[in-house]
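Hi,

Here is the structure I said I would pass on.

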Amino acid sequence: EMLKKAGDLKAMQMQGMRREWEAAPEFMKNTAAFERDRVVTPLRKGPADELIASAERWKDEGNNFFKAGEYQNALNIYIKVVACFRHFEHGSK
C-alpha cells in the first residue's frame, strides 16, 4: 500500500513537470542543455555580480551575431544567457 502511494505521488509530480515542459516556449526547453555546462553551472552558484557580468558579455556577443545576420549563433548565445537565470533540469526535483 505504501509503495503504491509513493508511486502515485511520483506520477503526479512527473505529470506536473511534464505540463510545465510542454507549456514552455522552445527557447526555454533548450536551456536544459546548459544544466551541467562547465561555465554556466558554476556561475549560477557564485556571486550574482559575476553571473550578471557574464550574462551581459554574452548578450553583447549575441547582439553582434544578430547584427551580422548570424541568427542561429545569436539565438544560441541568448539561450545561454537565459539559462544563467532560469533553466530546465533533467530528471525530477
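**A buried lysine, and what surrounds it**

Lysine 80 is buried, with a relative accessible area of 18%. That puts it under the 20% cut-off for buried. Before you read on, please keep in mind that this is a predicted model, so treat what follows as a description of that model.

Where does lysine 80 sit? Its place is in helix H5. If you skip the neighbours within four places in sequence, lysine 80 is in contact with Phe34, Val40 and Trp58.

Valine 81 comes out at 15% relative accessibility, so it counts as buried. Which residues does valine 81 touch, once those up to four places away in sequence are not counted? They are Ala55, Trp58 and Lys59. For a sense of distance, valine 81 and glycine 62 are 19 residues apart in sequence, and their C-alpha atoms are 9.2 Å apart in space.

**The H4 and H5 pair**

Now for the two helices. H4 covers residues 48-67 and H5 covers residues 71-85. Their axes come within 8 Å and cross at roughly 165°. An angle over 145 degrees counts as roughly antiparallel, and H4 and H5 are therefore roughly antiparallel to each other. The crossing is left-handed.

Who meets whom? From H4 the contact draws on Leu51, Ile52, Ala55, Trp58, Lys59, Glu61, Gly62, Asn63, Phe65 and Phe66. From H5 it draws on Tyr71, Asn73, Ala74, Ile77, Tyr78, Lys80, Val81, Cys84 and Phe85. Sorted by type, the residues of this contact divide into 13 nonpolar, 3 polar and 3 charged.

I also ran a check on the length of H5. With 15 residues at 1.5 Å a residue, H5 should span 21 Å; the C-alpha atoms at its ends are 22 Å apart, which agrees.

**Threonine 41**

One more residue to look up is threonine 41, which has its place in helix H3 (residues 40-45). Is threonine 41 buried or exposed? Its relative accessibility is 17%, so it counts as buried. Leaving out neighbours within four places in sequence, threonine 41 is in contact with Phe34, Glu35 and Arg36.

**The chain as a whole**

Stepping back, the protein chain comes to 5 helices and 0 strands, which reads as α-α-α-α-α along the sequence. Of its 93 residues, 25% are buried. Among contacts with a separation of 6 or more, 61% are between residues 24 or more positions apart.

Cheers

Definitions and conventions: Residues numbered from 1 in each chain as written. Predicted model: local features only at pLDDT ≥ 70, side-chain atom pairs only at ≥ 80, totals over all residues. Heavy atoms only, no water. Axes fitted to C-alpha atoms, helices over the stretch in contact; angles between N-to-C directions. Helix = DSSP H or I, 4+ residues; strand = E, 2+ residues; numbered from the N terminus. Parallel < 35°, antiparallel > 145°, perpendicular 65-115°, else oblique. Left-handed = near helix turned anticlockwise from the far one by under 90°. Contact = heavy atoms within 4.5 Å. Nonpolar A, V, L, I, M, F, W, Y, C, P; charged D, E, K, R; others polar. Expected span 1.5 Å × (residues − 1). Buried < 20%, exposed > 50% of the residue type's maximum accessible area, 1.4 Å probe, protein only.
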